[in-house]
Amino acid sequence: MHDFLIMNTLGYPILSLLVFLPLAGAIPLLILKNDEAAKYWSLFITLVIALVSLPLYFKFDRTTALYQFGESHTWIPMWDINYTLGIDGISLLLILLTTLIMPLCVLCSWRYITTRVRPFFACLLIMETSMLGVFMALDFVLFYILWEAMLIPMYLLIAIWGGPRKIYASIKFFLYTLAGSVLLLVAIIALYLENGTFSIPLMMGQDYSSVFQIYVFLAFFLAFAIKVPMFPFHTWLPAAHVEAPTAGSVVLASVLLKMGTYGFLRFCLPITPEASIFFMPYILWLSIAGIIYGGFTALAQSDMKKLIAYSSVGHMGFVTLGIFVFNVHGIEGAILQMINHGVTTGALFIIVGMIYERTHSRELALAAGVGKFMPIYVTFLGFFSLSSLAFPGTNSFIGEFLVLAGAFSKSKIIAACAIPGAVLAAAYMLRMLQKVVWGGEKNPDQSYLQDLNVREIITLAPLLIFVLWIGLNPAPFLDVMHTSVANLIQQVGIAGADQQSLIEIAKLVIPQ
Amino acid sequence: MEIASCKPLYAVLAALIGSILVSMAGRKPNFREGLSTVAAVIMFLIIASMVPDVLAGKMLKCMVFDILPGLSVTFRVDAFSMIFALAASFLWIIAVFYSMGYMRGLHEHAQTRFNTCFALALFGAIGVAFADNLFTLYLFYEIVSVCTYPLVAHHQDEEGYMGARKYIVYLTTTAKGFVLPAMILIYVLTGSLDFATNISTGIFPPGVNSTLVTILYICCIFGFAKNGIMPFHHWLPGAMVAPTPVSALLHAVAVVKVGVFSTTRVMLYVFGVDTMSALNLGIPTAYFVSFTILMASIIALSKDNLKSRLAYSTVSQLSYIILGVALLTPTAIEGGLIHITNHAFSKITLFFCAGAIYVASHKKNISEMGGLGRTMPFTFAAFGIASLSMIGAPPVAGFVTKWKLLVGTMEMEAYYVGILLVLLASTLLNAAYFAPVTYKAFFGKRPAGEKYEGVKEAPLSMVIPIMIAAIISVLIGIFPGFMMKFVDRVTPDNVAVAMPQYNPAGAPPFIPSVKGHGAPADSHEAPAESHGVPAETNGAPPGH
């Protein structure tokens with residue numbers, strides 16, 4: 001039907017199943033009367049989704065850059081709007097990350113959520129539908145609807161189950177992302193008027209004029225930069241993270257932030273390659289600013305959730321840095337770093353949630369010295385903190401290594417400027433680890449604390465496995481993205497070949 | 001010749017599994033210390049069992065994780081790694097006994113955590129010794145940093161936390177700030193992080209920008225801050241708040257030697273003697289570390305606290321090793337490398353003595369130890385012997401180092417006078433800050449009103465390890481042959497090492513020699529060809 005799509009041959013529409021299963025799973029939650037049953041049902045349905053998503057990895061054709069497991073149905077023929085789904089090496093891992101994270105979100109809300117339990121889990125499941133859909137959609141209208149649909153359950157998660165300043169945080173989150181979304185819509189309509197289609201792959205590789213590209217790119221960029229969030233559009237993030245319930249923070253950090261960087265990879269680079277090259281130096285410097293700023297701000301935090309939220313700004317700076325160096329190392333590192341950040345930061349938010357359930361505080365000073373009474377807890381914290389600071393042998397090291405290797409090939413100055421961010425990551429993570437494990441001479445009395453129970457260990461263990469697995473054997477994760485990344489670089493490269501002048505301009509802003 | 005063998009992996013795992021078992025055996029102190037001992041002995045035996053292969057010129061290799069192309073966790077055992085691994089694993093055994101006596105003698109808390117981290121630190125140290133590439137080296141280097149933090153902060157008081165904080169800040173900042181970017185840049189330039197198989201060629205392809213290589217070199221020298229080169233040495237005196245067995249094994253043997261070993265490994269096997277002399281990196285390094293040698297000795301003179309004095313003495317002595325290697329003449333390199341072992345045995349004796357003195361008399365300052373030697377003769381006798389080694393007097397181990405360094409300095413064609421003066425001055429300084437300790441202890445007056453009541457010789461579990469370490473210090477001074485066998489393999493006689501030579505018209509062009517010729521053992525057929533342009537143009541005489 002389309003030459004960019006390999007139709008699904010599994011015998012059942014796996015992508016549609018993944019998108020609609022969570023939504024279908026949310027319906028019984030509205031009928032059920034029992035809160036406990038709702039928890040078990042949500043856990044069951046998210047686990048089923050995780051299992052259903054596994055064939056995506058095993059049946060994935062690593063040799064092609066086309067979109068696979070494709071499905072296409074006509075939706076609104078008048079405007080050529082189709083229901084088209086398909087995945088490639090860039091979205092595959094993000095989908096698997098989402099299906100992995102969701103059962104853990106259910107598990108970590110088991111005791112945390114005490115009011116309006118059933119609507120909470122319904123929100124989580126509706127979130128899952130829209131998140132998975134965003135990564136699969138190949139039609140711009142479908143994409144935009146799912147992108148917007150994501151905002152509402154997330155807004156509710158913060159506004160209903162959030163902390164003391166939940167109204168402020170949720171409104172701020174909503175306004176920021178909505179502002180970005182409006183620009184995204186403008187860009188989509190502009191592209192439709194130019195092409196007469198909403199099909200995303202058909203918009204790639206078209207010969208748009210430079211000015212058009214620059215406008216479209218800027219609209220895209222603002223929408224996605226807010227979502228990432230890139231410095232200086234990040235201010236909604238700490239507020240949202242601090243007030244959100246644990247599961248909300250985990251979804252936000254692990255999946256929602258990736259939407260922005262996914263947008264860069266899926267739309268900015270292939271659709272507006274010239275403009276991407278034109279703006280590349282500025283975005284690289286913004287990434288550096290984010291890395292350094294996130295690091296310093298995280299160092300100054302006394303609230304653990306804020307600390308991790310600012311560390312996210314720094315980590316996502318590495319991701320955008322990797323994307324915009326336009327080489328294999330950089331982009332593969334960036335995609336891997338997106339997965340790593342999802343695993344590690346998600347785990348760290350779960351861990352902070354665990355201490356919050358016990359002490360009802362996220363203050364670092366009040367959590368000082370829990371190591372003595374919660375040895376299992378601090379062991380997990382230790383591993384995830386090391387992962388977050390890119391300790392060799394953990395997942396983040398591989399991501400950061402590849403990103404920096406890509407950056408060094410691009411410009412040694414840019415890469416050298418990112419190094420202080422890596423040092424700062426060690427500083428703020430080790431500071432937090434030291435405080436929580438050891439504290440100081442006068443620690444608050446922590447002797448009433450219970451160590452992790454089996455449910456909590458089961459919540460963290462899968463993430464720990466991925467921390468070490470990606471850290472020591474990243475090949476299974478990098479294999480699936482090689483072809484798609486090579487294709488992406490080719491798409492940018494073709495545009496770059498006849499745009500020597502843009503590259504010359506770029507050289508003025510980036511010292512080689 | 002390269003042979004695949006899992007023995008290096010087993011040696012590293014012995015320490016790791018040992019530490020896990022120790023952490024689970026907390027409730028039974030005797031069983032726990034038994035486990036530590038067994039792990040230490042097993043590790044030493046595994047390492048010792050590789051000696052024949054290494055002496056036969058073989059290199060044992062074991063790949064554990066293949067991470068990215070050119071990036072893997074791989075172990076290698078060659079003569080160079082043996083110098084460090086043998087000393088560290090042997091000293092772990094006697095340190096286990098010693099710390100048993102020390103920790104129980106002082107009724108220290110958290111002994112299980114102490115023993116677990118101790119084993120983990122050795123896990124990291126042996127991992128560094130057996131690293132086959134820069135990534136593996138960096139991985140285990142960082143493991144050592146993190147796992148020794150609880151040991152430094154052991155007392156959990158204000159002083160302990162401050163010292164430990166300084167420790168971790170210095171070590172991780174330099175590693176992440178310098179070594180990490182250098183490593184990534186080397187990976188970008190060469191596509192691999194594997195060490196070369198000999199000390200002359202290095203791993204850089206021809207035509208690499210020489211300024212860049214110089215910057216990378218500087219990053220590597222400062223990045224491994226465990227080597228104690230000034231100005232990044234402050235963590236070492238700060239870490240002396242740790243219990244003495246920690247200072248002894250870790251801050252005289254494992255941790256600091258990990259730093260020096262990493263530095264010299266990278267100097268010789270990543271950059272290589274050819275590159276270093278072509279870019280004229282050796283002599284400036286030698287003079288730079290000379291400053292550390294002299295300055296640290298002068299600071300040591302001013303310290304009354306015995307452990308502080310030993311700490312600064314360590315800072316000074318570590319730079320001897322780097323100095324020797326930086327001189328780039330075969331004999332000087334041998335002198336530097338043999339000092340890894342020599343200093344380990346002598347310095348551990350000194351720290352053991354300091355700990356024994358503290359356990360027996362609760363004295364920390366040298367000024368309070370007048371006449372104490374008459375009460376604790378064995379301890380102070382051992383201290384005296386080890387001091388002689390530090391000073392470099394025959395027949396103790398340190399003399400071998402001094403001799404080799406002096407001969408190596410004379411082999412240089414130019415700029416040796418300054419180095420000779422530095423060696424001479426530092427010898428005098430060493431004597432000035434070590435001799436009075438022993439002298440006062442035996443012949444000095446007791447401080448007024450001090451009776452040393454109830455003070456007697458330290459317990460046997462401390463004195464025996466002290467005596468063993470002291471005796472070995474003497475033995476490897478009288479019979480340096482055994483350890484020299486390994487050092488000789490690193491710088492085989494038949495490898496003509498290029499002489500550094502200053503060229504007033506500008507540094508010679510950077511032309512690294514042909515990469516990847518055979519192992520050093522079989523390269524003697526064609527030294528001139530295989531060692532490239534610098535060796536020819538400088539007309540280097542053979543090493544011996």
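User: How many salt bridges are there between chain B and chain A?

Analyst: The model is a predicted one. A salt bridge here requires a side-chain nitrogen of Lys or Arg within 4 Å of a carboxyl oxygen of Asp or Glu. Between chain B and chain A, the count of such salt bridges is zero.

User: What share of the area buried between chain B and chain A do carbon and sulfur atoms give?

Analyst: The contact involves 33 residues from chain B and 33 residues from chain A. The area buried between the two chains is about 2,700 Å². Of that area, the share given by carbon and sulfur atoms is 82%.

User: Which element gives the largest share of the side of chain B that touches chain A?

Analyst: The elements of chain B that give two or more residues to this side are β2 (59–68), α6 (134–152) and α7 (158–190). The largest share amounts to 14 residues, and the element that supplies it is α7(B).

User: Which cysteine has the sulfur closest to that of C220(B), and how far away is it?

Analyst: The search of the whole structure finds zero disulfides over all chains. C220(B) is buried, because its relative accessibility of 4% falls under the 20% limit. A disulfide needs two cysteine sulfur atoms within 2.5 Å, so the closest cysteine sulfur is too far for a bond: it belongs to C219(B), at 6.8 Å.

User: Is C117(B) buried or exposed?

Analyst: C117(B) is in no disulfide, and the nearest cysteine sulfur, in C147(B), is 6.4 Å away. The relative accessible area of C117(B) is 8%, so this residue is buried.

Conventions:
Residues are numbered from 1 along each chain as its sequence is written. Chains are lettered from A and ligands numbered from 1 in the order in which they are written. This is a predicted model: local features need pLDDT of at least 70, side-chain atom pairs count only at pLDDT 80 or more; totals for chains, interfaces and linings use all residues. Side-chain values use heavy atoms; hydrogens and water are left out. Contact means heavy atoms within 4.5 Å. Buried area is the accessible area (1.4 Å probe) that two parts lose on being put together, summed over both. Helices (H or I, at least four residues) and strands (E, at least two) are DSSP runs, numbered from the N terminus. Buried means under 20% relative accessible area, exposed over 50%, partly exposed in between (1.4 Å probe, protein chains only).
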